[in-house]
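Me: I have a chain open on my screen and would like to talk through it with you. Could you take my questions one at a time?

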Amino acid sequence: MEGRHEGRADGSWLLELLRKISHVLNKLLRKKNSTRLAVLIDEFFELKFNPEEETIGIFCKRVDEKKTQVKEAGFEIPELLIALQLIRRLPAEYDHLVQTLYRLKDEEFNHREVEKELVSEAGRIQLKQKDLNLDYTENAYTVG
């Protein structure tokens with residue numbers, strides 16, 4: 001069989017073709033992975049706590065899961081950015097805590113410490129809300 005590969009009966013032409021195919025496939029895979037990574041990073045920074053739909057603990061878990069997905073796609077989000085994402089879009093009742101967290105020493109400002117403080121603050125907010133509801137109920141019975 002003579003033709004395009006004349007004089008290359010040793011199969012080197014096949015190896016060369018396989019190398020070219022491999023190169024093209026690697027380029028496509030890198031492009032696909034970088035697109036996936038970009039989407040995951042975008043999703044990470046779009047995460048927002050919604051107290052009507054979830055607890056602060058569930059929100060922290062969602063941030064951690066997205067961080068893991070980004071890492072598995074080939075990029076590790078810096079600790080500082082993870083901690084900032086946890087406090088970036090919180091409701092107003094967390095404002096005082098956020099200001100306190102900004103004053104932490106650099107080595108203390110990490111997502112685990114921020115998560116711990118957020119869960120503690122959420123408990124305080126819940127307790128305060130219960131107390132306010134009880135006060136309202138008591139006042140409703142005493143007014144009159």
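Me: Is Glu121 buried or exposed?
Reply: Glu121 is buried, because its relative accessible area is 11%, where buried means under 20%, exposed over 50% and partly exposed in between, with a 1.4 Å probe and protein chains only. Please keep in mind that this is a predicted model, in which local features need pLDDT of at least 70 and side-chain atom pairs count only at pLDDT 80 or more, while totals for chains, interfaces and linings use all residues. Residues are numbered from 1 along each chain as its sequence is written, and side-chain values use heavy atoms, with hydrogens and water left out.

Me: Which residue forms a salt bridge with Glu121?
Reply: Glu121 pairs with Arg124, their closest N and O atoms being 2.7 Å apart; a salt bridge here is a side-chain nitrogen of Lys or Arg within 4 Å of a carboxyl oxygen of Asp or Glu. Both residues lie in helix H5, three residues apart, about one turn of the helix, and Arg124 counts as partly exposed at 41% relative accessibility.

Me: How many salt bridges does the count come to?
Reply: The count comes to nine salt bridges. One of them joins Lys66 and Glu43, with the closest N and O atoms 2.6 Å apart, and since Lys66 lies in helix H2 and Glu43 in helix H1, the pair ties together parts that are 23 residues apart in sequence. Lys66 is buried at 14% relative accessibility, whereas Glu43 is partly exposed at 33%.

Me: Changing topic, how many helices and strands are there?
Reply: The chain has five helices and zero strands, these being DSSP runs numbered from the N terminus, with helices (H or I) of at least four residues and strands (E) of at least two.

Me: And which residues have the most contacts inside the largest nonpolar core?
Reply: They are Ile56, Ile87, Leu90, Tyr94, Val114 and Leu118, in a core of 25 residues. Such a core is a set of buried Ala, Val, Leu, Ile, Met, Phe, Trp, Tyr and Cys residues joined through side-chain atoms within 4.5 Å. H2 gives the largest share of this core, five residues.

Me: What does Ile56 touch?
Reply: Leaving out residues up to four places away in sequence, Ile56 touches Phe49, Leu90, Tyr94, Leu118, Val119 and Ala122, where contact means heavy atoms within 4.5 Å.
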